[in-house]
Amino acid sequence: MAREMQKNSMFIEHGPEAFDNGGIRKNIDDDGREKRTGTWLTASAHIITAVIGSGVLSLAWAIAQLGWVAGPAVLMAFSFITYFTSTLLADCYRAPDPVTGKRNYTYMDVVRAYLGGRKVQLCGLAQYGNLVGVTIGYTITASISMVAVKRSNCFHKYGHDVKCKTSNYPFMVIFACIQIVLSQIPNFHKLSWLSILAAIMSFAYSSIGLGLSVAKVAGGGSVRTSLTGVTVGVDVSGSEKVWRTFQAIGDIAFAYAYSTVLIEIQDTLKSSPAENKVMKRASFVGVSTTTMFYVLCGCVGYAAFGNEAPGNFLTGFGFYEPFWLIDLANVCIAIHLIGAYQVFCQPIFGFVEKWCARHWPDNKFITSEHALNIPCYGVYYINSFRLVWRTVYVIVTAVIAMIFPFFNDFVGLLGAASFWPLTVYFPIEMYIAQSKMPKFSFTWTWLKILSWACLVVSIVAAAGSIQGLAQDVKTYKPFKTQ
């Protein structure tokens, strides 16, 4: 039994706490894994942490490209699409029955259970490629927010016309050091406290951005807004209008996506009540809360800045005063991204660690754990492989972020490539397979139409991202500072 514990300790289901002094497992779920304790509240926190990123502060720019008519309409449309497809995916956590079937622990497991074949590899490539890209992008974005705090103080002290250049690199190192420590959190099940903190931070900086925008609108001033967004010949050229429209639609579509971590979040939920029902409730709370903030920040931000809305009105200095409030908002962004980084990298950690434990079950470096008594915490189990591999991962993502500071545009391209298969295609196809829906029935037809329409969105958004990436590469200067 001791050997079995050593071999399986890398797996989420067999942590040391699942064993009592006699070596008999206790507090286990119906699948033999450690008893899950997640609720709709913790799942909602995970969703909000994953969905509401600092991109909420760039929605004013997206609305400015689309205008008063198309902007809010696109926001609401993708809100509905994301919630609808997430309910389909939630029903696929167990197979073949959504309530009593066998559990699937990852998105790849779900696709394997319902579709199989090459689609499993396609799913893995899209999911983990997107997750790696997001973690690199978050390293860049967090450093920008940290730099913004320093620049805000500089502007307040020396005036708004001073350049106040500051390097991002030291802040990327600080962010990476924090992540090296937090990455030792064993798995998604132990992450709820960090997600709740990150969700609170997202509410805080979104509310600050919204409040500042309201104050700017109330203060008067002339800004240009229109039903169709930025004006060709005045604000942008014809080609720029097209590319920016593509980018804006893509930004809004990807702003809602959290399918890359939905199954992993659902796997943290208690088995009673049924996980699919709890996950649907959490999805409704998460998506509706997100939509409220998106619409408010996007529309009020557009009303405040008009067609000249900046890409991010906190880090892009749409506001300079009160400087302390700007600082607070940017600190909240950085803290939120610290938590969000973990939400997106835990599935990567789990996948690699399980794969290695499965292929080298007798390797003590990979499978054995050592107890460490930490004051005010209790016993923490250190795994040598987990410590080394997760530290290396964080360092590599930080180095890539330093080398390619324009990587966020590449993340947009990854988002375009993964949005359709992960958020729309697979959930719809698995729902059709689960329900044994006849071809060319009414429901089958409109589901296919929805899938193809979202594929078009992904293609045009990818085109916009490629164009933006090409522009950034042309203007890129090594060692550029903020």
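Student: Where is Arg112 found?
Tutor: Arg112 belongs to helix H4, residues 107–114. Helices (DSSP runs of H or I, at least four residues) and strands (DSSP runs of E, at least two) are numbered from the N terminus. This is a predicted model, where local features need pLDDT of at least 70, side-chain atom pairs count only at pLDDT 80 or more, and totals for chains, interfaces and linings use all residues. Residues are numbered from 1 along each chain as its sequence is written, and side-chain values use heavy atoms, with hydrogens and water left out.

Student: Is Arg112 buried, exposed or partly exposed?
Tutor: Arg112 counts as partly exposed because its relative accessibility is 45%. Buried means under 20% relative accessible area, exposed means over 50%, and partly exposed is in between (1.4 Å probe, protein chains only).

Student: How far apart are Arg112 and Asp251?
Tutor: Their C-alpha atoms are separated by 30 Å. Along the chain, Arg112 and Asp251 are 139 residues apart.

Student: New topic, Glu353. Which helix is that in?
Tutor: Glu353 is in helix H11, which covers residues 323–359.

Student: Why does Glu353 get the label it has for accessibility?
Tutor: The relative accessible area of Glu353 is 4%, so Glu353 is buried.

Student: What does its side chain touch in a polar contact?
Tutor: The side chain of Trp389, at 3.2 Å from that of Glu353. A polar contact is a pair of N or O atoms within 3.5 Å; within protein, one must be able to donate a hydrogen and the other to accept it, and residues adjacent in sequence count only if both atoms are side-chain atoms.

Student: What about Asn307, where is that?
Tutor: Asn307 sits in the loop between H10 and H11.

Student: Buried or exposed?
Tutor: Buried, because the relative accessibility of Asn307 is 8%.

Student: Which residues is Asn307 in contact with?
Tutor: Leaving aside neighbours within four places in sequence, its contacts include Ala64, Arg224, Asp235 and Tyr302. Contact means heavy atoms within 4.5 Å. With Tyr302 there is also a polar contact, side chain to side chain, of 2.7 Å.

Student: And how far is Asn307 from Cys123?
Tutor: C-alpha to C-alpha, Asn307 and Cys123 are 38 Å apart in space. In sequence they are 184 residues apart.

Student: Now helix packing. What angle do H5 and H13 make?
Tutor: About 65°, with the axes of H5 (residues 118–158) and H13 (residues 384–403) 9 Å apart. Axes are lines fitted to C-alpha atoms, for helices over the stretch in contact, and angles run from 0 to 180 degrees between N-to-C directions.

Student: Is the crossing left-handed or right-handed?
Tutor: H5 and H13 cross in a right-handed way. A crossing is left-handed if the near helix is turned anticlockwise from the far one by less than a right angle, and right-handed if clockwise.

Student: Which residues meet there?
Tutor: From H5, they include Leu131, Thr135 and Ile140. From H13, Tyr393, Thr397 and Ile400 are among them.

Student: How many of the residues in that contact are nonpolar, polar or charged?
Tutor: In the contact of H5 with H13, eight are nonpolar, three are polar and none is charged. Ala, Val, Leu, Ile, Met, Phe, Trp, Tyr, Cys and Pro count as nonpolar, Asp, Glu, Lys and Arg as charged, and the others, Gly among them, as polar.

Student: Switching to strands. How many bridges join S3 to S4?
Tutor: Six, and the two strands run antiparallel. S3 is residues 369–374 and S4 is residues 378–383. Two strands pair if DSSP finds at least two bridges between them.

Student: Which residue stands opposite Glu369?
Tutor: Asn383 in S4. Ala371 stands opposite Tyr381, also in S4.

Student: What do S3 and S4 form?
Tutor: A hairpin, with three residues between the strands. Cys376, in the turn, has a positive phi of about 70°.

Student: Where is Lys436?
Tutor: In the loop between helix H14 (407–435) and helix H15 (442–475). Phe440 is in the loop between H14 and H15 as well.

Student: Why do Lys436 and Phe440 count as they do for accessibility?
Tutor: Lys436 counts as exposed because its relative accessibility is 69%. Phe440 has 66%, so Phe440 counts as exposed.

Student: Last one. Which residues does the cis bond at Pro96 join?
Tutor: Ala95 and Pro96, with omega about 0°. The peptide bond from Ser272 to Pro273 is cis too, with omega near 0°.
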